[in-house]
Amino acid sequence: MKFVITLEEMQLDAIIGILPFERQETQKICVSARFVIKDKILDYRLLRTFIQESFKQEFKLLEDAQKYFSKRIPKHFPQIKEFWIKITKLEIFEDCKVSVEIHRKRKNKWK
């Protein structure tokens with residue numbers, strides 16, 4: 001049996017970006033994620049806390065944050081078989097939001 005855990009629109013304050021004002025003040029971001037688990041149980045509170053704690057560090061680019069999750073999620077949660085994470089900057093532009101999304105699927109072993 002396959003289970004999908006979804007965390008939707010988790011809002012956080014983070015230092016993320018390369019523009020001078022992004023390095024000085026936190027900005028609102030939104031994280032949405034889906035995690036596929038097969039035949040296992042995973043406490044979704046652990047995933048939520050992991051994401052929250054991860055953004056206590058500073059990232060230069062959205063892509064840097066995604067690389068971090070791409071490496072760390074398989075190490076911390078081996079029961080996850082596949083995942084998607086979307087990180088959105090909510091305040092960078094007045095007329096739109098900017099997001100970067102990744103999708104990773106486990107083949108045999110995470111690499």
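**Surface, burial and contacts in the predicted model**

D39 is exposed, because its relative accessible area is 53%; exposed means over 50%, buried under 20%, and partly exposed in between (1.4 Å probe, protein chains only). This is a predicted model, in which local features need pLDDT of at least 70 and side-chain atom pairs count only at pLDDT 80 or more, while totals for chains, interfaces and linings use all residues. Residues are numbered from 1 along each chain as its sequence is written, and side-chain values use heavy atoms, with hydrogens and water left out.

D39 sits in the loop between β2 and α2 (44–54). Helices (H or I, at least four residues) and strands (E, at least two) are DSSP runs, numbered from the N terminus. The phi of D39 is positive, at about 55°, although D39 is not a glycine. E9 also has a positive phi, near 50°, and is likewise a residue other than glycine. E9 belongs to strand β1. With a relative accessible area of 57%, E9 is exposed.

Patch members have over 30% relative accessible area and no salt bridge; like charges are joined within 9 Å, and nonpolar side chains (Val, Leu, Ile, Met, Phe, Trp, Tyr) within 5 Å. K107 counts as exposed because its relative accessibility is 76%.

A nonpolar surface patch is formed by I18, L19, F21 and L61. Together these residues have about 370 Å² of accessible area, computed by the Shrake-Rupley method with a 1.4 Å probe, where only the protein chains shown count as cover for residues. One of them, I18, is in the loop between β1 (2–14) and α1 (20–24). I18 has a relative accessible area of 55%, so I18 is exposed.

I37 is placed in strand β2 (residues 27–38). A relative accessible area of 1% makes I37 buried. Along the sequence, I37 and I18 are 19 residues apart; in space, their C-alpha atoms are 35 Å apart. Leaving aside residues up to four places away in sequence, I37 touches M1, K2, F3, I5, L42, Q79 and I80. Contact here means heavy atoms within 4.5 Å.

L47 counts as buried because its relative accessibility is 1%. Its contacts are I5, L7, F35, L42, F77 and I80, again without residues up to four places away in sequence. L47 and L7 are 40 residues apart along the chain, yet their C-alpha atoms are separated by 8.5 Å. Y44 lies in helix α2 as well. Y44, at 53% relative accessibility, counts as exposed.

The structure contains five salt bridges, each a side-chain nitrogen of Lys or Arg within 4 Å of a carboxyl oxygen of Asp or Glu. One joins the side chains of D13 and K28, at 3.2 Å from N to O. This pair connects distant parts of the chain: D13 is in strand β1 and K28 in strand β2, 15 residues apart. D13 is partly exposed, with a relative accessible area of 44%. K28 is partly exposed too, at 32%.

E22 pairs with K89 in another salt bridge, where the closest N and O atoms are 2.6 Å apart. Distant parts of the chain are linked here: E22 in helix α1 and K89 in strand β3 (residues 80–89), 67 residues apart. Both E22 and K89 are buried.

K56 and E53 also meet through their side chains in a salt bridge, at 3.0 Å from N to O. K56 is exposed, because its relative accessible area is 63%. E53 has a relative accessible area of 43%, so E53 is partly exposed.
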